[in-house]
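Here are a few notes to read alongside the model. Have a look at the structure first, then go through the points in order.

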Amino acid sequence: MPSTAETPGFPSRRLRRLRRTPALRRLVAQTTLTVDDLVAPLFVADGLDSPQPVASMPGVWQNTIPSLVDEVRRLAALGIPGVILFPLPKPEDKDATGSAALSTDGITRRAISAVRDAVGGDIVIMADCCLDEFTDHGHCGIVDPHTGDVDNDATVELYAHLAVVQAGAGADVVAPSGMMDGQVAAIRDALDSAGHPMTAVLAYAAKYASALYGPFRDAADVTIVGGGDRKGYQQDPRNGREALAEVVLDVAEGADMVMVKPALTYLDVVAAVRAVIDVPVAAYHVSGEYAMVKAAADRGWIDGPAVAMEQISAVKRAGADFVLTYFAGELAETLHG
């Protein structure tokens, strides 16, 4: 008598039949990653004469405004639907309140306007709405000199102002990332009052105080003075249910989309968020997740492009509608190939 595994029609054999050829696997794939699922994070720095490579993130650059425009045009030609911009000031322009971020002729406004003028509506321009790149202490907002803690309410006022600057420069989406209480409601009210009711808000709703942001801080020239951290206002990596509470609050305040950050290390959170809300869910495949793949591939330990495709597909499989990833350009080229 044949074994159960060899019995014709046994379910395990059926599954194997559907894996037999690349065409069959493609036909029955339950998750399909496309270029439409990708958003590319881009850095643009004030005062540079030429683009500068980020040593800890191979393939990522601090751009000048002209090189930023060229890169956005390239990504748009590949079919990538969105970019998120991280403007960086000159080091001497940093101060305690991040005032350079709000300047009418600063890098924030100039970079967004240049991209908007160059590509029109061909690509969605998102703007990170935070101040850590612009503060001399490296925190995401104003620090109370008496307690040493970030002043939530004073910081939220600045985020609202910054969101209006970004929308006025041409951003389609503002993305508050500081995890301040009430930031989404304040930004939504400010945008509406300033005549930008159609500017969307992508809330970093479940942003963890992760150890995976180190390469980003190299790229953004951010150092927290005194060796401090952001554990007082970003989420504890040990907590999952807390993320759902944060997400629900942000949606109630008017968030059009919500984000989980990091992505791959928090797939359980991505899936849980997807299960309880109806607005689009984004996930940020962060700098450390990217850099680990690049480092291992450089040593010949893994097939970098294959791992990148697998990881970002896993993020989508978990429930993300789109993924912010430094692999966006590479993946788009692969998908077109």
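1. Start at P262, which sits in the loop between β8 (257–261) and α9 (267–276). The peptide bond that leads from K261 into P262 is cis, and its omega is near -5°. For the element names, helices (H or I, at least four residues) and strands (E, at least two) are DSSP runs, numbered from the N terminus.

2. Before going further, some housekeeping: this is a predicted model, where local features need pLDDT of at least 70 and side-chain atom pairs count only at pLDDT 80 or more, while totals for chains, interfaces and linings use all residues. Residues are numbered from 1 along each chain as its sequence is written, and side-chain values use heavy atoms, with hydrogens and water left out.

3. Two other loops have a backbone detail to look at. M179, in the loop between β6 and α6, has a positive phi of about 60° although it is not a glycine. D221 also isn't a glycine and has a positive phi of about 55°; you'll find D221 in the loop between α7 (214–220) and α8 (241–253).

4. Are M179 and D221 buried or exposed, or in between? M179 is buried, at 8% relative accessible area, whereas D221 counts as partly exposed at 44%. Here buried means under 20% relative accessible area, exposed over 50%, and partly exposed in between (1.4 Å probe, protein chains only).

5. Q183 belongs to helix α6 (residues 183–193). With a relative accessible area of 2%, Q183 is buried. Setting aside residues up to four places away in sequence, Q183 touches V156, Y159, P176, G178 and E253; contact means heavy atoms within 4.5 Å.

6. Now to strand β6 (residues 173–176), where V174 is found. V174 is buried, at 0% relative accessibility. V174 and V201 are 27 residues apart in sequence, yet their C-alpha atoms are 5.1 Å apart in space. Beyond its neighbours within four places in sequence, V174 is in contact with several residues, among them A127, I187, L191, V201 and L202.

7. L202 deserves a point of its own. The largest nonpolar core has 107 residues, and F43, L202, V258 and Y284 touch the most other members. Such a core is a set of buried Ala, Val, Leu, Ile, Met, Phe, Trp, Tyr and Cys residues joined through side-chain atoms within 4.5 Å. Not counting residues up to four places away in sequence, the contacts of L202 include M126, V174, P176, V258, A282 and F322.

8. How far apart are the end C-alpha atoms of helix α11 (residues 304–318)? They are 21 Å apart, which agrees with the 21 Å that its 15 residues should span at 1.5 Å a residue; the expected span is 1.5 Å times one less than the number of residues. Just after α11, G319 takes a positive phi of about 130°.

9. Staying with α11, its buried residues are G304, A308, M309, Q311, I312, S313, A314, V315 and A318.

10. Last, the surface. V28, in the loop between α2 (22–27) and β1, is partly exposed, with a relative accessible area of 38%.
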